[in-house]
Amino acid sequence: MFCRVPYVSIGGRHRPYLEVIFNNSTNNKNSNKTFAMVDSGADHTVIPFSIGSLIGLEPPTQTEILQSVTGVGGNITCIERPCCICLANRKKGNVYYFKETVTWLYPDIPTQEKLQDLLNKLKKLEEWKLQCVPGELQNNVIEQIEESKTQINNILNKFEVNVLLGRPFFDNFNYIQFFHRDRNREDQCFLTYMVNNTKPARIIPIDESVYSV
Amino acid sequence: MKTPNNLNNFAGQFVVFFSEDENPVVIFNSFSAEEAYQKAEEIKKEQNREPIVVRVQENEDNNISQVLTMIRY
């Protein structure tokens, strides 16, 4: 039994994406469903800061050393964490839970401190806004709030790359085939994969899974 | 598994949509991940369907392998 996945376009370019949900087995918290790009050139499975935070992965301890990922756009700090990746095969009606180690993009201490300062400033501005009467002063506070939010987002955006399913994730499949004959016909491309049934930590019916609301 | 055809307009933002729809539309968009995740949860409860949350990268034309090497320092 294999599964066929069409190349999906996000913003004009078609790429091989799988729909996945991330699960933190320590608190059983799930992420929202998201697209994860199958990237045979990636050494690691990478998740952005927001997804790891959402499912409550354990932040780095004081003594833990952050790693550095070098890619397009420079260096980004990160930490490795165990995490479950859930993949639904709708044709077969199953959801597969794969125990993986993910590389979670995580700000280093100076960046965390900068973020915290900005968040504190934002909190104060929000409080101030409530105390101001409508008028020029309040408009000025609103402008400052927007500016703070932009600064916070600019920092966080660096840690918000696409989810990448790298080479270690490939080990869960008997095979993955990519079909990509012509760059001009990317919308007609697809990939197929076949799950190696010895790999999933759990296999459960879709109806009983995180995919059923 | 489909995507809205106007995602280019949401570069740098988190978008929420239903990928199983014939013609998906962006239901919600925000520069804040927290806002997008919160909205997706509300939509899930309201519509009893699981929406997709994904960030549209700023430069999708140049989305070559983002992670090349890893160095421990």
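How many Å separate the centres of domain 1 of chain A and domain 2 of chain A?

1. The separation is 34 Å, taken over C-alpha atoms. Domain 1 of chain A covers 2–106 + 160–203, and domain 2 covers 110–156; such bounds come from an automatic or database domain assignment.

2. This is a predicted model: local features need pLDDT of at least 70, side-chain atom pairs count only at pLDDT 80 or more, and totals for chains, interfaces and linings use all residues; side-chain values use heavy atoms, with hydrogens and water left out. Residues are numbered from 1 along each chain as its sequence is written, and chains are lettered from A and ligands numbered from 1 in the order in which they are written.

3. At the interface, 46 residues of chain A are in contact (heavy atoms within 4.5 Å) with 40 residues of chain B. The two chains bury about 3,800 Å² between them, 52% of it on carbon and sulfur atoms; buried area is the accessible area (1.4 Å probe) lost on putting two parts together, summed over both.

4. The rule finds 0 salt bridges between chain A and chain B, a salt bridge being a side-chain nitrogen of Lys or Arg within 4 Å of a carboxyl oxygen of Asp or Glu.

5. Chain B has 1 helix and 4 strands, in the order β-β-α-β-β from the N terminus. Helices (H or I, at least four residues) and strands (E, at least two) are DSSP runs, numbered from the N terminus. Of the 73 residues of chain B, 48% count as buried, that is, under 20% relative accessible area (1.4 Å probe, protein chains only).

Methods. Buried means under 20% relative accessible area, exposed over 50%, partly exposed in between (1.4 Å probe, protein chains only).
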